[in-house]
Amino acid sequence: MKTIVCKTYEEMSACAADIIADVMKKKPACVLGLATGSTPVGTYKELIRKHRAGEIDFSAVTTVNLDEYYPISPENDQSYRYFMNVNLFDHVNVDKAKTYVPDGTAADPDEACAAYEALVSKVGPADIQVLGIGQNGHIGFNEPDSALEVATHVTGLTDSTIRANARFFASVEDVPTKALTMGIGTILSAKKIIILANGAAKAAAVAKMLEGKLDTSCPASMLNLHADVTVICDEAAMGQ
Ligand code: F6R
């Protein structure tokens, strides 16, 4: 894995946006694999700035997001679809019909996951996948476990993830208890991966990922199987 350690969150976000912009310039009809959460917000802001400056064009781009809560409606302001619209899609010239997020409203979530897996391989694989990392080393909603899922699947959220995400909902009871997420194999199918981490709370997970071992108690360690992964973090996240 290649690592880039930046002084500030802003520098990290600019670095990630430069790498994404480079992929977009080389291949205008590229597929971007995207993540939600607080970490990539600065990267998306920088992509919006580059778009407004005429540096990048989203008109031919397709996007595939990692995950979505289940059940949740796209109008719910905590849904990942809503997040993507507000933080990126509403501000660039992407064709929203070509932006895909797993379907949090599907009557049959297993069927929705199988359909999403098929969709990612049909439109993809992603030319670049953007990832954040959980404090427990999760990627997407692939939580630490004795066995990790390969393909897109329905998963229960761990108590720690529900508690961590409760800050965004009216109460902890309002946090959906399930999610639809790309599996480790879906994520590894991307041609290039960047994983972003900032803050001391991520330092232990980043250190474990960089040990170079495959440890299912740190799902991000599975990225060691991929030949083109760049870890972009601040000094605090690289602290351990
Ligand atoms: C979001 C996702 C999650 C987050 C992770 C870190 O689509 O897949 O794995 O990347 O929970 O979240 P933040 O960035 O909020 O610390």
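**Ligand site and cysteines in the predicted model**

A backbone N or O atom of Ser38 lies 2.9 Å from an oxygen atom of the ligand, a polar contact in the sense of a pair of N or O atoms within 3.5 Å. The model is predicted, with local features needing pLDDT of at least 70, side-chain atom pairs counted only at pLDDT 80 or more, and totals for chains, interfaces and linings using all residues. Residues are numbered from 1 along each chain as its sequence is written, and side-chain values use heavy atoms, without hydrogens and water.

For Asp67, a side-chain N or O atom is 2.7 Å from an oxygen atom of the ligand; for Thr36, the distance from a polar side-chain atom to a ligand oxygen is 2.8 Å. Of the 410 Å² of accessible area (Shrake-Rupley method, 1.4 Å probe) that the ligand has on its own, the protein covers 87%.

The ligand is surrounded by 14 residues, each with a heavy atom within 4 Å of it. Thr39, Asp67, His138, Gly140 and Lys202 are the closest. By class, the shell comprises four nonpolar, eight polar and two charged residues, with Asp, Glu, Lys and Arg counted as charged and Gly among the polar residues.

No disulfide, defined as a pair of cysteine sulfur atoms within 2.5 Å, is found in the whole structure. For Cys15, the nearest cysteine sulfur is that of Cys6, 4.7 Å away. Cys15 is buried (under 20% relative accessible area), at 16%. The sulfur of Cys6 is likewise the nearest to Cys233, at 7.5 Å, and Cys233 is buried at 0% relative accessibility.

Note on methods. A polar contact is a pair of N or O atoms within 3.5 Å; within protein, one must be able to donate a hydrogen and the other to accept it, and residues adjacent in sequence count only if both atoms are side-chain atoms. Buried means under 20% relative accessible area, exposed over 50%, partly exposed in between (1.4 Å probe, protein chains only).
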